[in-house]
Amino acid sequence: MKKVSVLIAARNEADNIVACLQSVAALSYPPEHLQILIGNDASEDETGALVQEFIRDKPHFELVNITPAPDSGGASTLKGKTNALAQLTQRAQGEFLFFTDADIEVPEKWIENMLSHFKPDVGIVTGITAIKGGGFLGLMQAIEWLYYLALMRLFSLFGVPITAMGNNMAVSRKAFQAVGGYEKVGFSITEDYALFHAIVIKGFKFVQLFDRRVLTLSQPIPTFSQLLIQRKRWMYGAMTLPWGQRIGVYVNALFLPFIVLLGIFVPKAALVILFLYVLWVCTWLVSILNWLQQPHFFIGVPFFWFYHLLMNFVMLINFYLRKNTVWKGRQY
């Protein structure tokens, strides 16, 4: 049986880390073939103490206190989560590296179901994630994640790489070493995309799964202002995509002002286009929620189209107006 290392970077995650570790401890993969590495990245809360208490009787778990990376004097100096993951991967012994976040709960057979998609030429496999709880805003985030992940899956079927998700991702050691690890990939505030892109460029194949057996659950962003901070980081990654995909980002974002202006001058045309848009979004959502057997999200489908229109536009404006990208209390 293959040795697997699970890597979890944690900074100020006292509210979430125990639930995450409980789900990891419940994995069905044999513990003797598992190595669980949790990186405490200079947390200012009780994250480290909570991890230490949880793992004290679990020899395959290890807490790693992350230290600042040596300053190379250039943009390549590793910082933040990239630095934490680089230090964890240096300790990893597994033939496969599994990545998740400290606010994620993984399913029991996560390891087996992800591993089954690795072939000799596959370097990276990505699962799917939904939001757990959080009221109406959490519901919209959950549907939004699944909406975009389904599109990523669709593009992947035609061999078009978009990105990977660092909260539900597995990489073969062969692919990771081929790109030189995070030390060669370099610093990025979207470290998952940077690693994914480097692996694909090296000629490895990728698999984007859309399977409820690898569905992980994430905590929602609780407020709209915090959501905008997260989306600044997401948009930074989107703006590094190839131009063809980047045009799609702009088209999505500018659809709201376009439909408003069209409604002023040609209202009938605007209504027809808006109707077709709403029909597409709702049909797409119903089909993917049926596929994943997630009927509890259906209640949000009638509202999602408006949230989607508004959020795409606000994300673009927020990207250009917000000067710095803030993540886990750090500015980049």
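Colleague: Is helix H8 (residues 191–201) largely enclosed or open, and how many of its residues are buried?

Modeller: A note first: this is a predicted model, where local features need pLDDT of at least 70, side-chain atom pairs count only at pLDDT 80 or more, and totals for chains, interfaces and linings use all residues. Residues are numbered from 1 along each chain as its sequence is written, and side-chain values use heavy atoms, without hydrogens and water. Helices (H or I, at least four residues) and strands (E, at least two) are DSSP runs numbered from the N terminus, while buried means under 20% relative accessible area, exposed over 50%, and partly exposed in between, with a 1.4 Å probe and protein chains only. The rest of the structure largely encloses H8, because its buried residues number eight of the 11.

Colleague: Which residue does Glu-191 pair with in a salt bridge?

Modeller: Glu-191 is buried at 2% relative accessibility. A salt bridge here is a side-chain nitrogen of Lys or Arg within 4 Å of a carboxyl oxygen of Asp or Glu. For Glu-191 the closest N and O atoms are 3.4 Å apart, and the partner is Lys-81.

Colleague: How many residues apart in sequence are the parts that Glu-191 and Lys-81 tie together?

Modeller: Glu-191 belongs to helix H8 and Lys-81 to helix H3 (residues 80–91), so the parts that this pair ties together are apart in sequence by 110 residues.

Modeller: There is also a network of salt bridges that links Lys-81, Asp-101, Glu-191 and Arg-233.

Colleague: What is the N to O distance between Arg-231 and Glu-144?

Modeller: Arg-231 is buried, with a relative accessible area of 0%, and Glu-144 is buried too, at 1%. Their side chains meet in a salt bridge, with an N to O distance of 2.9 Å. Because Arg-231 lies in helix H9 (residues 224–238) and Glu-144 in helix H5, the pair ties together parts 87 residues apart in sequence. The distance you asked for is 2.9 Å.

Colleague: What is the handedness of the crossover from S2 to S3?

Modeller: Strand S2 (residues 34–40) and strand S3 (residues 61–65) are parallel and joined by five bridges. Between them the chain passes through helix H2 (residues 47–55) in a β-α-β crossover. A clockwise path from the first strand over the helix to the second, with the strands pointing away from the viewer, counts as right-handed. This crossover is right-handed.

Colleague: What relative accessible area does Phe-265 have?

Modeller: Phe-265 sits in helix H10 (residues 243–265). Over residues 247–266 the chain is 95% helix, with end C-alpha atoms 25 Å apart. Phe-265 is exposed, and its relative accessible area is 68%.

Conventions: Two strands pair if DSSP finds at least two bridges between them.
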